[in-house]
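Here is a short briefing on helix packing and model confidence. Have the sequence and structure open as you read.

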Amino acid sequence: MSDKPSDRSLLNALLGPEGPELTCDQCFAELDRYVELELSGADADAEVPGMRAHLQGCGACDEDHRSLRALVEAEST
Amino acid sequence: MLKTRETAAVRVETPLGPSAGAVVTPIKQAQPTRGPDAESRAWVSGLAIDGSGGQEARARLHELLLRAARFELNRRRGSHPHLRGGDLDDLAHQAAGDAMMAVLGKLDSYRGESRFSTWAYKFALLEAAVKLRRRAWQGREIPLEPEHWAVLAGSGESPESSAESRELLGSVAEAVETVLSPHQREVLVAIALNGVPIDVMAERLSTTRGALYKTVHDARKKLRVHLADRGLDLGDARDAEGR
């Protein structure tokens, strides 16, 4: 097992996601709606275009998304 | 070298700061007929009461935000073994307090497109995560030179590397050096290559997550355009390892 990142992960980190993406502010503004759409089974990516690409490109916003989704899931069980 | 500086994590008016222009894009607004549910309406009306009348709602909000902050810190405590229980509880209270100010300051912007609790949670989660990242990097120097430069330069070949991806990595390494501005290179290398949290980098540079991500986005775009102009097929090379 090596700590060395794969070529693919380096390329993705350096070149970022393809296509248009939200800004961090837009991501934060839409995050609650996006998470509830996801958890309801709706097509969240169609409702909030650019969100998925931003989450792939911004590690901090991706962590915020995972945390909010986990918390809302935990609260509903 | 960049220095550590303790500042408030998030501004009330713009939690992630100005983004210096939108990266994108039209967003579909939720159906206007939906509106908040009864519980969410009760939250908003309770919090809108000034003085002692709204005290109970504000106390409940603080409790909700503290629960969310503790949830976030508990999720991440395994990655931060040096932080003790007391440190984490202090961070949770700081995060809940700052999130409380943010929520009350932005109450007018709540559109009822999600439950109020979901909307409020995100402020506490953001505050807790930012504070934890900054605490973890407190006093540490930011690595600005690529720690994986050997890999980028082509000398770090791994068994799973393909000729395509190695060639592309070499071209990317060259482009990072020659195409990007010094600021773009410093920011992209620190965040994308060296794993420096964007909030930590933003604090050291006295800017915001939003503004810094715009720098990352512009740098990536410049690299992709440069590589495409040289005839490199980015999609194929980036997918090559998965074949």
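In this predicted model, the buried residues of α2(B) pack against helices of both chains: α5 (59-75) of chain A, plus α1 (38-47), α3 (85-105) and α4 of chain B.

**Helix α2 of chain B**
- Helix α2(B) covers residues 55-76, which makes 22 residues.
- From first C-alpha to last, α2(B) reaches 32 Å, close to the 32 Å expected at 1.5 Å a residue.
- Its buried residues are B:L61, B:L64, B:L65, B:L66, B:A68, B:A69, B:F71, B:E72 and B:L73.

**Helix α2 of chain A**
- Helix α2(A) has 17 residues, 24-40.
- Its end-to-end C-alpha reach is 24 Å, close to the 24 Å expected at 1.5 Å a residue.
- There is a bend of about 50° in α2(A), at A:L31.
- Helix α2(A) is mostly covered, with 15 of its 17 residues buried.
- A:G41 follows α2(A) and has a positive phi, near 90°.

**Confidence**
- For the complex, the predictor gives an ipTM of 0.93 and a pTM of 0.85.
- Chain B has an average pLDDT of 82, and 77% of its residues score at least 70.
- Within chain B, confidence is highest in helix α4 (residues 116-136), at a mean of 97. This α4 is one of the packing partners of α2(B).
- Confidence in chain B is lowest in helix α10 (residues 234-239), at a mean of 58.

Definitions and conventions:
Residues are numbered from 1 along each chain as its sequence is written. Chains are lettered from A and ligands numbered from 1 in the order in which they are written. This is a predicted model: local features need pLDDT of at least 70, side-chain atom pairs count only at pLDDT 80 or more; totals for chains, interfaces and linings use all residues. pLDDT is the predictor's confidence in each residue, from 0 to 100. Helices (H or I, at least four residues) and strands (E, at least two) are DSSP runs, numbered from the N terminus. The expected span of a helix is 1.5 Å times one less than its number of residues. The bend at a residue is the angle between axes fitted to the seven residues ending there and the seven starting there. A residue is buried if 20 or more other C-beta atoms lie within 10 Å of its own, exposed if 12 or fewer, and partly exposed in between; C-beta atoms are placed from the backbone. Two residues are in contact if their C-beta atoms, placed from the backbone, lie within 7 Å.
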